[in-house]
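Thanks for coming, everyone. Have a look at the picture on the screen, and I'll walk you through a few spots in it.

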Amino acid sequence: MLHTRVAEAERLVYPAFGECDIRAKREQNRNRWYSFLAIVGALGTTVAGAAQVLLTSSVWPGVVVATLGGGTSVLTTMARRQGTLGNYLDARTRTERLRSLYFVHLARPPAPTLAGADTDTDDLEKRVKQIMSGPVSI
C-alpha cells in the first residue's frame with residue numbers, strides 16, 4: 001500500500017516540488033547577490049568618503065563618493081522593485097508546503113476502496129495545483 005502512495009506522491013507532488021525548489025534557490029541567490037553588492041557599494045562609498053576627508057584638495061574622492069552612492073542607490077532600488085526577497089520567500093513557502101503535502105499523503109491510511117483511492121489522488125492533484133497557483137501568505 002505504501003508503495004502505491006509513494007508512486008502517487010512522486011508523480012504528482014515531486015515535479016512541482018522540484019520546480020519550486022529550483023526557483024527558491026535561484027531567487028535566494030539573486031537576493032544574496034543584491035545584498036552583497038549593496039554592502040560592497042556602501043563600503044566603497046564609505047572608503048571614498050574617508051579619502052575625501054583626508055584629501056581635501058583633491059576632487060576625485062567626491063566624484064567616487066557620488067558615483068558609488070548613486071550606483072548603490074540604483075542597485076537597492078532595483079532589488080526592491082524586483083521583489084527578490086519576496087520572490088524567494090514565496091517560492092520557499094510553496095516548496096515547504098509541497099514537502100509537507102508529500103509526507104502528509106504518505107502518512108494517511110490507504111483508502112479502503114478503489115473509488116476512495118481515486119478520490120485521494122484527485123484531492124492530492126487539486127492540492128498541488130492550489131499550492132502552485134494560489135496566493136501564499138507567510
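Let's start at Glu27, which lies in helix H2. Before going on, a word on the source: this is a predicted model, where local features need pLDDT of at least 70 and side-chain atom pairs count only at pLDDT 80 or more, while totals for chains, interfaces and linings use all residues. Residues are numbered from 1 along each chain as its sequence is written, and side-chain values use heavy atoms, with hydrogens and water left out. When I say helix, I mean a DSSP run of H or I with at least four residues, numbered from the N terminus.

Back to Glu27. Is Glu27 buried or exposed? It counts as buried, at 6% relative accessibility. Buried here means under 20% relative accessible area, exposed means over 50%, and partly exposed is in between, using a 1.4 Å probe and protein chains only. Leaving out residues up to four places away in sequence, Glu27 touches Thr84, Asn87 and Tyr88; a contact means heavy atoms within 4.5 Å.

Staying in helix H2, find Thr45. Its side chain reaches the backbone oxygen of Gly41 at 2.8 Å. Again not counting residues up to four places away, Thr45 touches Val65, Leu68, Gly69 and Thr72.

Val40 is in helix H2 too, and it is partly exposed, with a relative accessible area of 41%. Together with Trp33, Phe36 and Leu37, Val40 forms a nonpolar patch on the surface, with about 410 Å² of accessible area in total. For such a patch, residues need over 30% relative accessible area and no salt bridge, and nonpolar side chains (Val, Leu, Ile, Met, Phe, Trp, Tyr) are joined within 5 Å. The areas come from the Shrake-Rupley method with a 1.4 Å probe, and for residues only the protein chains shown count as cover.

Now to the inside. How many residues does the largest nonpolar core have? It has 13, and those with the most contacts inside it are Val13, Leu98, Leu101, Tyr102, Leu124 and Val128. Helices H1 (2-12), H2 (14-54), H4 (84-107) and H5 (114-133) each give two or more residues to this core, and H4 gives the most, with four. By nonpolar core I mean buried Ala, Val, Leu, Ile, Met, Phe, Trp, Tyr and Cys residues joined through side-chain atoms within 4.5 Å. Leaving aside neighbours within four places in sequence, Val13 is in contact with Glu8, Leu98, Leu101, Tyr102, Leu124 and Val128.

Last topic: charges. Side chains of opposite charge can pair when their charged atoms come close. The structure holds ten salt bridges, each being a side-chain nitrogen of Lys or Arg within 4 Å of a carboxyl oxygen of Asp or Glu.

One of them joins Asp120 and Arg5, at 3.9 Å from N to O. Asp120 lies in helix H5 and Arg5 in helix H1, so this pair ties together parts that are 115 residues apart in sequence. Both Asp120 and Arg5 are buried. Asp120 also meets Arg108 in a salt bridge, at 3.1 Å. Arg108 sits in the loop between H4 and H5, so here the parts tied together are twelve residues apart in sequence. Arg108 counts as partly exposed, at 35%.

Then there's Arg94 with Asp90, whose closest N and O atoms are 3.1 Å apart. They're four residues apart in helix H4, separated by about one helical turn. Finally, Asp21, Lys25, Arg92, Glu96 and Arg99 are linked in a network of salt bridges.

How values were computed
Polar contact = N/O pair within 3.5 Å; in protein donor to acceptor, adjacent residues only side chain to side chain. Patch = residues over 30% accessible without salt bridge, like charges linked within 9 Å, V, L, I, M, F, W, Y side chains within 5 Å.
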